[in-house]
Amino acid sequence: MTTEHTIKRKLKIATTSLAGCFGCHMSFLDMDERLASLLEQVELDRSPFTDIKHCGPCDIGLIEGGVCNAENVHVLREFRASCKILVAVGACAINGGVPAMRNYFDLQDCLQEAYLTGTGITNPQIPNDIELPLLLDKVYPVSEIVPIDYFLPGCPPSADAFLQLLQPLLAGQKPVIATSQLHYD
Amino acid sequence: MEPDKPASSPATRRIAIDPVTRVEGHGKITLLIDDHNHIVEARFHIVEFRGFEKFIQGRPYWEVPFFVQRLCGICPVSHQLAAGKAVDQIAGVRQLTPAATKLRRLLHFGQMLQSHALHFFHLSSPDFLFGFGSDPRQRNIAGVLAQYPEIAMKGVKLRKYGQQIIEAITGKRIHGTGTVPGGMNKALTLSERDALLADIDDILQWSQEALTLNEQIHTAHPEHRDFGTLRSHYLSMTGSNGELEFYHGGLRANAADGSSIFDQLDYCNYQQIIKEEVRSWSYLKFPYFSALGTGQGWYRVGPLARINNCDRISTPLAEAARLRFRAYGNGGAVHDTLAYHWARMIELLHCAESIHALLHDTGITSTDLMADKSERQPQGIGVIEAPRGTLFHHYQVNEEGLVTQANLIVSTTSNNQAMNESVRVVANQYLDGQEITEALLNHLEVAVRAYDPCLSCATHALGKMPLQVTLQHRDGKIIHQLTKGVDGAVR
Ligand code: SF4
C-alpha cells in the first residue's frame, strides 16, 4: 500500500448484494483484524454495512449476486455509472450461481410452488404489489448487463482473495491473485 | 392503521427506506403519510424471491445439506444442520454416534457465536454507541473501529473465533461441508482442537463483557422498554427438561402472559400447528399458529423467544444472566423488542461456555462418525434453533432418492409479522405528526435490526418500480423485454 494514496485522499469502495446469499459479504468480513487497517485506508460508500443508501462517485465497486429482478438491474447500472472499477465477486455475480438454478424452470411454476400449491399455505396468491420489483424470467450474470473490469471467483472468494484483489487496486496496480487463492467452490 | 391496506391507497406522500441497511440481506420500509404528517401505513417489505422450493426438485437428497447453504451466507451452518437432520431421517438413520452429535453441536455453537457477534458488533452496536439519530456517516463498523477500537476489535475476534470453529469442522468458513446423511465426514484433529483451546478463555471473557455492555445499555435507557415493544406469543425449541436448547428438542409455545400454548411437541408434526399466510405486498409469507388464526396466531422466534421460553440454561454464567433477565421482567416474559440484543448476548455467553466444555470433552476428537443406516424413508423433517430462531426443513424424495417436494420455514419468516408490528409501533411513537428526518427514519431500522433479520438478497429502488423492464445486453442488444400483468404473471 502506498502511503501516497492514503495521504492524498481515501479511496472509496461501494459494495452491494444482488441475487446472492450474502456469503461474499461475510467473506469480506472474514478479513478479521485486517479489516481495521483496510478501513483506515478506504472509505466505505454505499454498502449493506453503512447507512448510505445511494451510491456516490466511487473508485471501486464490489458486486455480489446475479441479476434476478428489475431492482437488481437498477442497482447494477447505478454502480456501473458511479464506480471507476467494477468487480464481479463470487459465483452468483459471475455466472448466476445457485439462484440461476431457477433458469431450468418456468418462473410461473416457481411462484406457484411457493405461493399457491406449497405446504401449509393460506390465502394463496402470487404477491403482486407495486412495491415489489418485477422478477426477470431468468437470473443473469452481471457481465451480461454491464461491462465488468475484474472477476473474483469462488463461492465465496476467501478473505485473502479479497485482499489480493484490493491491495493492488488501491495502489493503482493491476491485481494478480495467487493460484492458491483461486477457488471455484 | 390497517395492516393489509394496499400500499397504493391514497395518501399524499410515500417515504421509503430503501434498502434497510445494516441488516443481512435487503428489505425496505414504506410509509404513507397524510397532509398532517400522520402515518397512514407503515410496512416492512421483502422484495426478494428465489424459488428455492421449486428448483431443488430433482436433486439427490444427500446433496441437500451443501446445496441449501447457498440460501444464506450468514448462517449457512444452520441450514446445513437442519437439512442434515432431515437427510438423516431419509437415510433411515435413527441415532447418530456420540462423536458426530458432539461435533455437530460444536459446529452449531460456533455458528451461533459468530452470528450473534456479527449482529451486535458489526451491524447494531453503532446505534447504541453513537445514538439512534447520530450522524449516519459515522454509524457503522468503521465508525466504531475508529471511536471504540477496543470494543470493536473484541467483536471482530469473537466472530473470528466462531468462524475458526466452523472452518476446523467443515473445511471452509462459509459454505463448508461436514454434515452427511448419518454423521459427519471429518473428525476434529487434536491439533485443531488445541488451536481452538488456546483462545477459549479470552472468548469467555469477551462474551461476558459483551453481555455486561448490553445489560447496561438496556437498563440505563428506560425508553428502550417501549421501543417497538410487543406483547406476543413465543415459539422455540427446548430440551426435555425445559432447558435452553439449540440443536435438538421439542417445540414450546408460550403466550404473552407466560401460559402454555403447547409444549414438547414433536417437530415432525409442525404442519399441524403452523400455517403460512400469503400477502400481496411481500414475498415473505406470514406464519401463524393455525389454532389461533391469522389475527391472533402470530408469534416471535429467536433469542428473546428462547430466553423467555426456557426454564433454565445448562451453563452457570448464562444461567445467572438469565435470572437477571427474568428479574428485569418481574419473573415473567420480557417483551421489550430491544431486549432481543440482551437475550442474544446471554446466548453468546452460553455458546462460549458450551464450546469450552465440548473442547474439554475427550470424545470431541473421536473418529467414530458414521451411524448405521436402515431402510430409506420417503421424507425427512429437520428442525433446529438457528441464530435467528426456529428453522424448519422438510423434504420428500422419490424411489431414486431425488427430492420431489421441499418446504422451508426460515426463522426470519416467523418474525415477519412481528417486524411489521414493531415498525408500526415505532412509526406511531416517534414519527407520527413529525417532520420526517433521517434520524427519525433510522428509528424504524433500529426496530427491524433488533430481530437480526436475515433477508439475504438485494434491493434498491430508484423511484417507482417499473412494470416493464427492458434488459439490454451491454453491447446494446435487447435480451428480453418483460411486462408484469395484473395477475402477477411476467411475460
Ligand atoms: S457466490 Fe456463493 S457465497 Fe457468494 S453470494 Fe453466491 S452463493 Fe453466496
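A nonpolar core is a set of buried Ala, Val, Leu, Ile, Met, Phe, Trp, Tyr and Cys residues joined through side-chain atoms within 4.5 Å. In this predicted model, the largest such core has 163 residues. The residues with the most contacts inside the core are A:L62, B:Y395 and B:L444. Among the contributing elements, helix α4 of chain B gives the most, with 16 residues. This helix spans residues 98-130. Another core lies apart from the largest one and has 20 residues. Among its members are A:I63, A:V142, A:I145 and A:I148. In soluble globular proteins, nonpolar side chains tend to be buried together.

Chain B also holds an open sheet of 4 strands. The strand order is β8-β7-β6-β11, and the pairing is mixed. Strands β8 (260-265) and β11 (299-300) of chain B stand at the edges. Each edge strand has a single partner, so one side of each is left without a neighbour in the sheet. Strand β7 of chain B covers residues 250-254. Its pairing with β8(B) is antiparallel and runs over 3 bridges. Within this part of the sheet, B:A253 has B:F262, in β8(B), as its bridge partner. Strands of a sheet pair through backbone hydrogen bonds, either parallel or antiparallel.

Two cis peptide bonds were examined, one in chain A and one in chain B. In chain A, the bond joins A:C155 and A:P156, with omega about -10 degrees. The proline, A:P156, lies in the loop between β8 (150-152) and α7 (159-170) of chain A. In chain B, the cis bond joins B:D18 and B:P19, and omega is about 0 degrees. B:P19 is placed in the loop between β1 (13-17) and β2 (28-33) of chain B.

Backbone phi angles were considered next. A:D32 is not a glycine, yet its phi is positive, at about 55 degrees. A:D32 sits in the loop between α2 (23-29) and α3 (34-41) of chain A. Its relative accessibility is 6%. Buried means under 20% relative accessible area, so A:D32 counts as buried. B:N330, also a residue other than glycine, has a positive phi near 50 degrees. The loop that holds B:N330 runs between α11 (316-328) and α12 (339-359) of chain B. Here the relative accessibility is 74%. The cut-off for exposed is over 50%, so B:N330 counts as exposed.

Methods: Residues are numbered from 1 along each chain as its sequence is written. Chains are lettered from A and ligands numbered from 1 in the order in which they are written. This is a predicted model: local features need pLDDT of at least 70, side-chain atom pairs count only at pLDDT 80 or more; totals for chains, interfaces and linings use all residues. Side-chain values use heavy atoms; hydrogens and water are left out. Buried means under 20% relative accessible area, exposed over 50%, partly exposed in between (1.4 Å probe, protein chains only). Helices (H or I, at least four residues) and strands (E, at least two) are DSSP runs, numbered from the N terminus. Two strands pair if DSSP finds at least two bridges between them.
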